2 protein chains.
Amino acid sequence: MTSKQLYMHQALKKAWKYQLRTYPNPAVGCLILYHNEIVALEAHQKAGTSHAEVLAFISAYENISQTKIDFDRFDAQKAHDFLLSLEEDFFADCVVYVTLEPCSHVGKTPSCASLVAHLKPKKVIIATLDPIKGHDGGVKQLEEQGVEVEVGVCQKEALELLEPFLIWQKRAFVLFKIAQTSNGKIGGGYLSSKESLTHVHQLRAVCSKMIIGGETVRVDRPTLDCRFTGDNAPDIIIYSKRDDFKRTIPLFKVKNREVKVLDKLDFSKPSFILIEGGEGMLNALKEDIDWLLQYQTPKLSAHSSPYNIDLDLKFLFQERKGIDLMLWSRVN
Amino acid sequence: MTSKQLYMHQALKKAWKYQLRTYPNPAVGCLILYHNEIVALEAHQKAGTSHAEVLAFISAYENISQTKIDFDRFDAQKAHDFLLSLEEDFFADCVVYVTLEPCSHVGKTPSCASLVAHLKPKKVIIATLDPIKGHDGGVKQLEEQGVEVEVGVCQKEALELLEPFLIWQKRAFVLFKIAQTSNGKIGGGYLSSKESLTHVHQLRAVCSKMIIGGETVRVDRPTLDCRFTGDNAPDIIIYSKRDDFKRTIPLFKVKNREVKVLDKLDFSKPSFILIEGGEGMLNALKEDIDWLLQYQTPKLSAHSSPYNIDLDLKFLFQERKGIDLMLWSRVN
């Protein structure tokens, strides 16, 4: 592995921490080197807030100048304005690694490509070009301003990172979440680390809809909110033939939430669908699921059962979440 | 994460690839930077062959000089002699990251500390000092020759890497191996990747003894050799109350192997014990097991069962082995 690949891997790993949480934006990571030392490692965290490159330049500024900024770094407009106000060659000795071509598109935030072109770092290394038409052109903008650009470092990994984003351009991206012991046992109280629970709530906070099985609603009487993060609770679809649910079940009492009971699901609309359910749900929807997310708690258990289902996977990315292991897979 | 930690992590990851395979030596990784580019990333691979630092200096030489060596790099004496024959300042611009203090001890191979002190790289960064009395003193040797040394980068991770080595100084280090699906199902044909199978055979090749349950011998009629690596097959202890095993079972027919049937096990002797067995074995020996090694194949399965056992783990290290996930845990 070259140093270049190593740095790009760090940017990719950082982006995976925010995988899906940036919906409807792509997950993007950015690392900045200054005289061969890492001065920034950031990722885009939430749609409507500063992009990865912007957060990274702000961090780099803080590290190089040894000065803290005094405004909200997630406010993209303020962050852009601040960076554009710095002396012109402030980042001249920096090398920027970014997992996706800086956007040329002016959306909720100004274009990153024009910002980076203005800041003129020594070099910008990009894992993959932006595959969305109208969002590309960032490289051209950089090169026109005389910034050296290299494209294609760790491209394969960068495209795996982008897979959900590419899917939800056209239809629903469907994630099924499983919390289990390391020997596959499912059931109450296994999801041990607070970090894993927080992560589930972060996904709930951004998904378009959450789907849950009727049996789970009847038996577990869940709340399905985002109390660990303080975000608004997601809208719920209960996938069930009958609507015989007592409205005293906590999930019905969450404010500002829509709950529908449906016996037919439609995944044609561009969206991010999060499914939490039991073996029956996994079996019923296995043809519709794009990715599986497993939280494995560090124990073997003699109790309860694993899901008894045949499903071929491709492991995509794994990392530790507190004491747990978080494992992302594509359903083949 | 600083660049320094990032480079040390790479050395640690490389060492984990040879975890236990270096028995009775510790697993050690080494990375060399030359003008901030990685020119070597190596690990000690097998006792009696070149240490990590030696392999790394050889690789660095090849990369810097763009010349291939024409002798066996694993022959420690030849490798040392070659490195000592280079012009004195050949590695003067190199920074060396090594996960363990270079050995001052002259064993099967010459001391690495005296070699590194002679080669005089710009700096040597060490994750942890050698905890074995009589093996320490490497840092002192380096500093006496005027080499700049820094100790303690990623020390916690380095000590986890060394844990088996520290245990087998005093008693048996006991590893239990499990091959399973990602939902914990155990049984024939799940261990899918050739890389995982090869890794099992690499561990069998170096272990002091392999322990297997009587039931497995009767039902599976295994061979338990190292045909994927061409190494000598390990000696076997069948843990069983009765010795009613047909000598036509393949494992008895492997040449140069000792097979014992014992109903009592002794883990007091410094050694590396590899256990492959079923739920009964895991349950019977769970108090004796130090680490668990799980190979998870990328699928969920509806067939067979997981091990039904309660066991608290601490995940230590995970990496992909081909398409599989390899997960090392400490048994708590």
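**Entry 1: naming the elements**

Helices (H or I, at least four residues) and strands (E, at least two) are DSSP runs, numbered from the N terminus. I'm using those labels throughout, and I'm keeping in mind that this is a predicted model.

**Entry 2: the largest pocket**

I started with the open space. The largest pocket holds about 1700 Å³. I wanted to know which elements supply its lining.

I then looked for the residues by the centre. The lining has 38 residues, and those nearest the centre of the pocket are Lys13(A), Phe317(A), Gln318(A), Lys13(B) and Gln318(B). I sorted the lining by class too, and got 18 charged, 14 nonpolar and six polar residues.

**Entry 3: the one cavity**

How many cavities of 30 Å³ or more are there? I count one cavity. The largest cavity has a volume of about 40 Å³. I listed its lining: Leu83(B), Leu86(B), Glu87(B), Glu88(B), Phe90(B), Phe91(B), His118(B) and Leu119(B). By class, I put five of the lining residues of this cavity down as nonpolar, two as charged and one as polar.

**Entry 4: α2 and α4, chain A**

Next I checked how the helices pack. In chain A, the axes of helix α2 (residues 52–65) and helix α4 (residues 112–119) come within 9 Å and cross at roughly 30 degrees. Angles under 35 degrees count as roughly parallel, so α2(A) and α4(A) are roughly parallel to each other. I read the crossing of α2(A) and α4(A) as left-handed. From α2(A), the contact uses Glu53(A), Val54(A) and Phe57(A), and from α4(A) it uses Cys112(A), Leu115(A), Val116(A) and Leu119(A).

**Entry 5: α2 and α3, chain A**

I stayed with α2(A) and looked at its other partner in my list. The axes of α2(A) and helix α3 (residues 76–85) of chain A come within 10 Å, crossing at roughly 50 degrees. That makes α2(A) oblique to α3(A). I also have the crossing of α2(A) and α3(A) as left-handed. Here Val54(A), Phe57(A), Ile58(A) and Tyr61(A) of α2(A) touch Ala79(A), His80(A), Phe82(A) and Leu83(A) of α3(A). I sorted the residues of this α2(A)–α3(A) contact into seven nonpolar, one polar and no charged. Val54(A) and Phe57(A) are listed in the contact with α4(A) and again in the one with α3(A).

**Entry 6: α2 and α4, chain B**

I repeated the check in chain B. Helix α2 (residues 52–65) and helix α4 (residues 112–119) of chain B have axes that come within 9 Å and cross at roughly 30 degrees. That makes α2(B) roughly parallel to α4(B). I noted a left-handed crossing for α2(B) and α4(B). Glu53(B), Val54(B) and Phe57(B) of α2(B) meet Cys112(B), Leu115(B), Val116(B) and Leu119(B) of α4(B). I count six nonpolar residues, no polar and one charged in the contact of α2(B) with α4(B). I also see Leu119(B) of α4(B) in the lining of the largest cavity.

Most residues other than glycine have a negative phi, and most peptide bonds are trans. I went looking for exceptions.

Which peptide bond in chain A is cis? I found the one from Tyr23(A) to Pro24(A), with omega near 5 degrees. Pro24(A) sits in the loop between α1 and β1 (29–34) of chain A. In chain B, a cis peptide bond joins Tyr23(B) and Pro24(B), with omega about 0 degrees. I placed Pro24(B) in the loop between α1 and β1 (29–34) of chain B.

I also flagged Cys154(A), which is not a glycine but has a positive phi of about 60 degrees. Cys154(A) lies in the loop between β5 (148–151) and α6 of chain A.

Methods. Residues are numbered from 1 along each chain as its sequence is written. Chains are lettered from A and ligands numbered from 1 in the order in which they are written. This is a predicted model: local features need pLDDT of at least 70, side-chain atom pairs count only at pLDDT 80 or more; totals for chains, interfaces and linings use all residues. Side-chain values use heavy atoms; hydrogens and water are left out. Axes are lines fitted to C-alpha atoms, for helices over the stretch in contact, and angles run from 0 to 180 degrees between N-to-C directions. Angles under 35 degrees count as roughly parallel, over 145 as roughly antiparallel, 65 to 115 as roughly perpendicular and the rest as oblique. A crossing is left-handed if the near helix is turned anticlockwise from the far one by less than a right angle, and right-handed if clockwise. Contact means heavy atoms within 4.5 Å. On a 1 Å grid over the protein atoms alone, a cavity is a set of points where a 1.4 Å probe fits but cannot get out, and a pocket is an open set with protein on both sides within 12 Å along at least five of seven lines; lining residues have an atom within 4 Å of a point. Grid points are joined across faces, edges and corners, and a volume is the space filled by probe spheres set on the points. Ala, Val, Leu, Ile, Met, Phe, Trp, Tyr, Cys and Pro count as nonpolar, Asp, Glu, Lys and Arg as charged, and the others, Gly among them, as polar.
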